[in-house]
Amino acid sequence: MLEVDKETFEEEVLKAEGYVFVDFYSDGCVPCQALMPKVHEFADTYGDKLKFCALNTTKARRLAIAQKVLGLPVMAIYKDGEKIDEVVKDDATEQSIEEMIKKYI
């Protein structure tokens with residue numbers, strides 16, 4: 001799981017070729033913290049087929065807003081720099097996240 005920030009997001013996500021999974025989270029987000037171990041597990045399981053990144057929105061508010069991340073948690077899939085799918089807030093469950101990942105591998 002690659003930790004990205006406002007300095008590396010463009011290079012690692014927006015300029016990346018192929019599919020990139022991004023976990024948008026913040027330090028104070030309890031659901032984010034609860035999902036994190038499972039998301040890291042998905043990264044271990046599917047990381048050879050999909051690039052996994054995480055962005056702490058606490059340290060990158062403007063970037064998160066620019067990516068239309070207005071509530072947390074948000075798990076998004078990018079393809080060639082474009083956001084093509086996401087699960088947001090209450091819809092971000094272990095099952096829905098894994099289903100979304102499986103669509104793109």
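Student: Phe42, buried or exposed?

Tutor: Phe42 is buried, with a relative accessible area of 3%. Buried means under 20% relative accessible area, exposed over 50%, and partly exposed in between, with a 1.4 Å probe and protein chains only.

Student: Before going on, what sort of model is this?

Tutor: This is a predicted model: local features need pLDDT of at least 70, side-chain atom pairs count only at pLDDT 80 or more, and totals for chains, interfaces and linings use all residues. Residues are numbered from 1 along each chain as its sequence is written, and side-chain values use heavy atoms, with hydrogens and water left out.

Student: Which ring does Phe42 form an aromatic pair with?

Tutor: Tyr46: the pair is tilted, at 6.3 Å centre to centre with 40° between the planes. Rings of Phe, Tyr and Trp (its six-membered ring) pair if their centres lie within 6.5 Å; planes under 30 degrees apart count as stacked, over 60 as edge-to-face and the rest as tilted. Both residues lie in helix α2, 4 residues apart, about one turn of the helix. Tyr46 counts as buried too, at 8% relative accessibility.

Student: How many aromatic pairs by this rule?

Tutor: The count comes to 5. One of the tilted pairs is Phe21 with Phe52, 4.9 Å centre to centre and 40° between the planes. That pair links distant parts of the chain, since Phe21 is in strand β2 and Phe52 in strand β3, 31 residues apart. Helices (H or I, at least four residues) and strands (E, at least two) are DSSP runs, numbered from the N terminus.

Student: Different topic. What is the strand order in the sheet?

Tutor: β1-β3-β2-β4-β5, an open sheet of 5 strands with mixed pairing. Two strands pair if DSSP finds at least two bridges between them. The edge strands are β1 (2-4) and β5 (82-88), each pairing on one side only.

Student: How many bridges join β2 to β3?

Tutor: 6, and the two strands run parallel. Tyr25, for instance, has Asn56 in β3 as its bridge partner.

Student: And where does helix α2 pack?

Tutor: On the sheet, touching β2, β3 and β4 (74-79); contact means heavy atoms within 4.5 Å. The direction of α2 makes about 160° with that of β2, where axes are lines fitted to C-alpha atoms, for helices over the stretch in contact, and angles run from 0 to 180 degrees between N-to-C directions.

Student: Why is β3 largely enclosed?

Tutor: Because 5 of the 6 residues of β3 are buried.
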